[in-house]
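I set out to record what I looked up in this structure, entry by entry. Each entry keeps to one topic.

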Amino acid sequence: MIGVIARRELQGLFASPLAWAVLCVIQIILAYIFLSRIELFVQFQPRLLGLEGAPGLTDLVVAPLFGNTAITLLLVAPLLTMRTFAEERRNGTLNLLLAAPVSMTEITLGKYLGLFGFFMLMLLLVALMPLALLLGGPLDFGQLGAGFLGLGLLIAAFVAIGLFLSVLTDHPTVAGVSTFGALLLLWIVDWAGESGEASGVLRYLSLLSHYEPLLKGIFDSADLVYYALLTALFLILTVWRLDAERLPR
Amino acid sequence: MTAHILIEARDLYRYYGGLCAVQAVSLTLCRGEVLGFLGPNGAGKTTTMQMLCGTLAPSAGDISVNGLDLLAEPKKAKAHLGYLPEHPPLYHELTVDEFLLYCARIHRVPRAGLGQALMRTKRRTGLEAVGGRLIGNLSKGYRQRVGIAQAILHSPAVVVLDEPTIGLDPIQIREIRDLIGELRAEHGVILSTHILPEVQAVCDRVLIIHEGRVVLDDTVEHLTREHHLAGLCIALRRPPGIAYLHAIPGVAEVRRIGDERFLIRSLPDGDPAEALVEQAAEGRWGLYEMVPEARSLEETFMQITCGEGPAPPTREAAS
C-alpha cells in the first residue's frame, strides 16, 4: 500500500512540469559550480604537486560540489514538499486517501517515500558529475560515498520536516515558507553562541555540523543517529497530526 | 434481518469547537435500499456523511459498517465503503485510467480482477471513451462520473454519494439516477441532495436533517401516500356561500383563493370529493374544475425546515 501511494506521488510529480523544471535548474546550477571547481583545480594543480599531503581531486571538487548541492536542496526541497498534504487538502483529494482502507502511517510513509525517491533520483544525476572525473583521474571513493550518504540523510530530514509543515496547513505557500524557514534555521543555528554555554546544544542541533564531517569523509555514527532521529520525529508528528485531523476540536 | 443491515449509526454527535453540527443522528441502511439525505445547506448532511465514511470522527456515537465497527477497525470497515465527497477527489494531472487504477489499488482490489473491475466500472459510468484523457481536461459532467466511478470501483457494500448530480445537465442527471437505480441491486446507497424531486425519483427512504437533527425518517412511498390527498382545488361558476361548502362531510377548511376558486382541505380520514360533486350538481353551482391538491415532498420539507404551519398551497397559480 505504501508503494502504491509512493508511486502515485512520483507519478504526480513527473506528470506536472514542476519536477522536470526542478531537475533541470538544479542540474544547470550544479554543473556550473562543478565546472568552476574543476577550473580552479586545474589552475592550482601544478602548485599542489609539490606539496606533501595536498588536498586531492575529491577534496577540491567533489566536497564543495556536494556542499553546494546541500544549499541548493535547502532552497528547492520546500517547493516540492509544500504540495504534498496542503495541496491535496485544498483540492479535496485528501478525502480519497482518508476514506480508503489505508492507515495514516501508510499515507505518511507513502508520500514520504515518493518524495524521497524523487530526491534520490536527483542526487544520482548529481553524482554522475563527480563520477565523470574518473575519466581523468582517481577519486577517493570513501569520501565520495560518505558525502553522498550525507546528502541522502540530509534530504531524508528535509523531506520529513517539509511533510510535517505541509500537513499543518492547507496553503501550500505557507507550508513552503515555513519549511524553508525551519530548514534555514536548523542550518545556521550553531552560528549563535560560538563560545557560550549553549553552543554545545546548538551545535548538536545544527544540520550543517553533522553534514560537514561526512563531506570530509569522516563517518561518525552520532551523525547518522542525529538524522535518523530528526526524520523519525517529524514523520511521527505527521502521522499524529493526520490522525488528529478527523477528531473533533 | 440483521444480516442485511449494512450501516448502523447510533446517536452521532459532532462538534466543531462550540458549534454542534450534528446531534443524536441515528440511522440504518439495508441492502438494496437507497436512502436520501435531505436538508438545507449547513444542516449537517455532509458532516454526517463524512462520519459514516470515516473521514471525520464523531464526537460521540457508534457506527458499524457491514457489522464492523468503523472506529475500532477503520481499515476493515472502510473496505466496504465507497465515498464520493461533495468535491470529487480527482488528480487533474492523471488520465482517467491512471486515476482509476490508483483508486483500485488503494482500495485493495485483487490484482487478478483489476482489469475487469476497471472495464465494468467504466462501462457503467459511461467513461469508456475518455479513458486516455487527462482528468483536468474533462468537462464537469465527466469529472463527476469519474468521481462516481471511483466510489463504486471496488464494489463496496455501501456507496455514499454527496450531492452526486450537482452541476450536471438534465440528461446527465437522468443517467446518474439510472445508475443509482442499478446500484441498488447489489449495494446500499446513501445520497444527499437538496433537489427534492430527486429524492422522490430514486430514494426508498428519506431522512430530513435540519439543524443537525433528524426531523423525519420515513419511506418515500409512505410519505407520498400519506400526503397525497391533502385537499382539493375547485372552481365554480356560481359559487354558493362558504358555509355551504363547509357543511359538506369530510371538509376541514375552505379558503377562497379567487373569485370562483376555492381550496378545500379535507379531514385526515375523509375524502369530500364525491359528496362535493353531488352537492354541486344538485345546487347547480357550475363546477368546472376540480384538482386534487397533492402535498408534495417539497411542502413537507418546507414545513419541517421552515417551521411553517399547514403547508401553503403552492399550486394555486398553476390551476
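The entries below concern a predicted model and go from the chain contact to sheets, loops and cores.

**Entry 1: contact between the chains**

I began with the contact between the chains and found 23 residues of chain A in contact with 27 residues of chain B. On the side of chain A that touches chain B, the elements giving two or more residues are α1 (2–15) and α5 (94–99) of chain A. I noted that α1(A) supplies the largest share of that side, six residues. Sorted by class, the side of chain A that touches chain B holds 13 nonpolar, seven polar and three charged residues.

**Entry 2: domains of chain B**

I then consulted the domain assignment of chain B, which gives domain 1 (1–80 + 156–172 + 183–228), domain 2 (90–155) and domain 3 (229–293).

In what order do the six strands of the open sheet with mixed pairing stand? I read the order as β6-β7-β8-β3-β9-β10, in chain B. Its edge strands are β6 (81–84) and β10 (213–219) of chain B, each of which pairs on one side only. Neighbouring strands of this sheet are turned against each other by 15° on average, with direction ignored.

Within this sheet I followed β7 (158–162) and β8 (188–193) of chain B, which pair in the parallel sense over five bridges. There, Val159(B) has Val189(B) in β8(B) as its bridge partner. I also noted that helix α5 (140–152) of chain B lies across β6 and β7 of chain B and runs at about 165° to β6(B).

Most residues other than glycine have a negative phi. I therefore logged the exceptions, the first entry being Ser155(B), which is partly exposed with 17 other C-beta atoms within 10 Å. Phi of Ser155(B) is near 45°, and Ser155(B) sits in the loop between α5 and β7 of chain B.

Glu163(B) also has a positive phi, of about 45°, although it is not a glycine. I located Glu163(B) in the loop between β7 and α6 (170–183) of chain B.

I next examined an open sheet of four strands in chain B, with the order β2-β1-β4-β5 and antiparallel pairing. Because β2 (19–30) and β5 (68–69) of chain B each have a single partner strand, one side of each is left without a neighbour in the sheet. Strand β4 (60–65) of chain B pairs with β5(B) in the antiparallel sense over two bridges, and Ser64(B) stands opposite Asp69(B) in β5(B). Helix α1 (45–53) of chain B packs on this sheet and touches β1 (5–16), β2 and β4 of chain B; its direction makes about 125° with that of β1(B).

I placed Gly67(B) in the loop between β4 and β5 of chain B. Gly67(B) counts as partly exposed, with 14 C-beta neighbours inside 10 Å. From Gly67(B) to Cys233(B), 166 residues apart along the chain, the C-alpha atoms are separated by 50 Å.

**Entry 3: nonpolar cores**

Which members of the largest nonpolar core, with its 131 residues, touch the most other members? I listed Ala157(A), Val159(A), Ala160(A), Phe99(B), Val160(B) and Ile190(B). Helix α7 (141–167) of chain A gives the most to this core, 15 residues. The core also draws at least three residues from each of domain 1 and domain 2 of chain B.

Leaving out residues up to four places away in sequence, I found that Ile190(B) touches Leu29(B), Leu35(B), Phe37(B), Met49(B), Leu52(B), Val158(B) and Val160(B). A second, separate core of five residues includes Cys233(B), Ile234(B), Leu263(B) and Ile264(B).

**Entry 4: helix α3 of chain B**

Lastly I looked up helix α3 (96–106) of chain B, whose buried residues include Phe99(B), Leu100(B) and Tyr102(B). What covers the buried residues of α3(B)? The cover includes α1 and α5 of chain A, together with α4 (114–125) and α5 of chain B. Just after α3(B), I noted a positive phi of about 55° at Arg108(B).

Notes:
Residues numbered from 1 in each chain as written. Chains lettered and ligands numbered in written order. Predicted model: local features only at pLDDT ≥ 70, side-chain atom pairs only at ≥ 80, totals over all residues. Contact = placed C-beta atoms within 7 Å. Nonpolar A, V, L, I, M, F, W, Y, C, P; charged D, E, K, R; others polar. Domains from an automatic or database assignment. Pairing = 2+ DSSP bridges. Axes fitted to C-alpha atoms, helices over the stretch in contact; angles between N-to-C directions. Buried ≥ 20, exposed ≤ 12 C-beta atoms within 10 Å, placed from the backbone. Core = buried A, V, L, I, M, F, W, Y, C linked by C-beta atoms within 7 Å.
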